[in-house]
Amino acid sequence: MKYYLYKSPLFKVYAEIHDGLVKIKTKGIGSSLMKPVISEMLDIFDNVKPAKVEDEHLIFSTWMPPIPSTAFSRLVSSQTSSMRGKMVPEQVTISITEDCPNSCVHCALPDTKNKKSLTPDMIIDVINQVIKMGTTLIIFDGGEPLVYDGLESLISHVDHNRAIPTIFTSGTGLNKDKALKLKNAGLYAVNVSLDSAQPAKHDQMRGRDGVYEEAISAINNSLDAGLLVNIYVVLSSNNIDELDDFYDLADSMGVHELSFYEIVPTGRWEDRMDSILSDKDHDKLDEFLERVRWKEGPRVFSIPHAMKSTGCFAGRKWIHVTPEGEVFPCACIPYSFGNIHDKTLDKIWKQMRNDKTFASKTSSCHMRNTEFRENYLGILTPKK
């Protein structure tokens, strides 16, 4: 089966599955000219395990529209535009509410204590604006988005031919009925966050007993409803030795993807520069990724490794909208370029893109850079 990533009369790119891995091939008289130009983009797909293989579609990742699809074609278009210097916010996170039953020690959401939420009309307006701008991934975030009344209506409003809607959740409230409603509304994937494969340790990080069991139940209910499921792990010095435990858990549950991110000293974790991964920790991650690369099981996506080639998305391919309507370069950088109650998103995006800080590609997170934190945000790093 051929899954076409791109088609034109002169040049075609398609994927085939061999021994469980994606193999990228090209054909057409324009291949010799085009392949070197897009080789870096194609390397992301080639010789990598996909999240799911269907008869009509290749689900390369829960972070990406299915191949082929109109939404994926839009993503390809934005990628080629970025090569010419024109960036669009490919992914947008919308923190629809601050409400959350948990009290995570590493929460990135500014603790305003106002319990703010965006109105449904405002969220719908944001969805319409970002899709028009070229967004292909819309993530509903919080707080805990599952406590937001009417989440299904927001999901169903997303034009699924142009973008995929997903959610980030701790799993709280994601029972069988809710999972089916989300699936019927058109939800593409569920990202369930886990801080540890050990129940007590996870609950401690989340500030509430029983959150681990809720997360496991949410994963099972989502899978039963036919949703794509990604387990999302924020790695730190506290859980770097649980890599195999996370993988074994994801494999045993039958989830489609296991994603790793590196903890960011922001929000309630702002002063914890000491918790970011050391060189030794990165070596552990490298060794783990190489070891599971050929194993049967879930696709493993390491965001720190992807950033080495794609660069950080903040302010380049990603924007974040807070419950107050402020627009950040990403969920981890607490710097507003405007408020959706006062400005249109395209104007805010232009202002963000004109900021030299986000003009060039960087392979590391700005919030782990002491100079950026002090000079750009005024955050002083505690002296040892």
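Predicted model: local features only at pLDDT ≥ 70, side-chain atom pairs only at ≥ 80, totals over all residues.
Residues are numbered from 1 along each chain as its sequence is written, and side-chain values use heavy atoms, with hydrogens and water left out.

Helices (H or I, at least four residues) and strands (E, at least two) are taken as DSSP runs and numbered from the N terminus. Two strands are said to pair if DSSP finds at least two bridges between them. In general, the strands of a sheet pair through backbone hydrogen bonds, in either a parallel or an antiparallel manner.

Strand 1 (residues 3-7) and strand 2 (residues 12-18) run antiparallel and are joined by four bridges. Within this pair, Tyr 3 has Ala 15 of strand 2 as its bridge partner, and Tyr 6 is partnered by Val 13 of strand 2.

Strand 10 (residues 228-235) and strand 11 (residues 257-262) run parallel and are connected by six bridges; Tyr 232 has Ser 259 of strand 11 as its bridge partner.

Strand 8 (residues 164-169) is largely enclosed by the rest of the structure, because six of its six residues are buried. Buried denotes under 20% relative accessible area, exposed over 50%, and partly exposed the range in between (1.4 Å probe, protein chains only). Both faces of strand 8 are covered, with Ile 164, Thr 166 and Phe 168 buried on one side and Pro 165, Ile 167 and Thr 169 buried on the other. Strand 7 (residues 137-141) runs parallel to strand 8 and is joined to it by four bridges, with Leu 137 opposite Ile 164 of strand 8. Between these two strands the chain passes through helix 5 (residues 151-157), and this β-α-β crossover is right-handed. A crossover is right-handed if, with the strands pointing away from the viewer, the path from the first strand over the helix to the second runs clockwise. Strand 8 also pairs with strand 9 (residues 189-194), in the parallel sense and over four bridges, and Phe 168 stands opposite Asn 191 of strand 9. The chain crosses from strand 8 to strand 9 through helix 6 (residues 176-185), again in a right-handed β-α-β crossover.

Helix 4 (residues 120-133) packs against helix 12 (residues 345-353) at an angle of about 55°, and their axes are 9 Å apart. Helix 4 is therefore oblique to helix 12; angles under 35 degrees count as roughly parallel, over 145 as roughly antiparallel, 65 to 115 as roughly perpendicular, and the rest as oblique. Val 126, Gln 129, Val 130 and Met 133 of helix 4 meet Leu 345, Asp 346 and Trp 349 of helix 12, where contact means heavy atoms within 4.5 Å. The residues of this contact comprise five nonpolar, one polar and one charged. Ala, Val, Leu, Ile, Met, Phe, Trp, Tyr, Cys and Pro count as nonpolar, Asp, Glu, Lys and Arg as charged, and the others, Gly among them, as polar.

Two individual residues were also examined. Gln 91 is located in strand 6 (residues 91-95) and counts as buried, at 12% relative accessibility. Residues up to four places away in sequence not counted, Gln 91 touches Thr 135, Leu 137, Phe 313, Lys 317, Trp 318 and Ile 319. Ser 156 lies in helix 5 and is partly exposed, with a relative accessible area of 43%. The C-alpha atoms of Ser 156 and Thr 80 are separated by 29 Å, and these residues are 76 residues apart along the chain.

Methods:
Axes fitted to C-alpha atoms, helices over the stretch in contact; angles between N-to-C directions.
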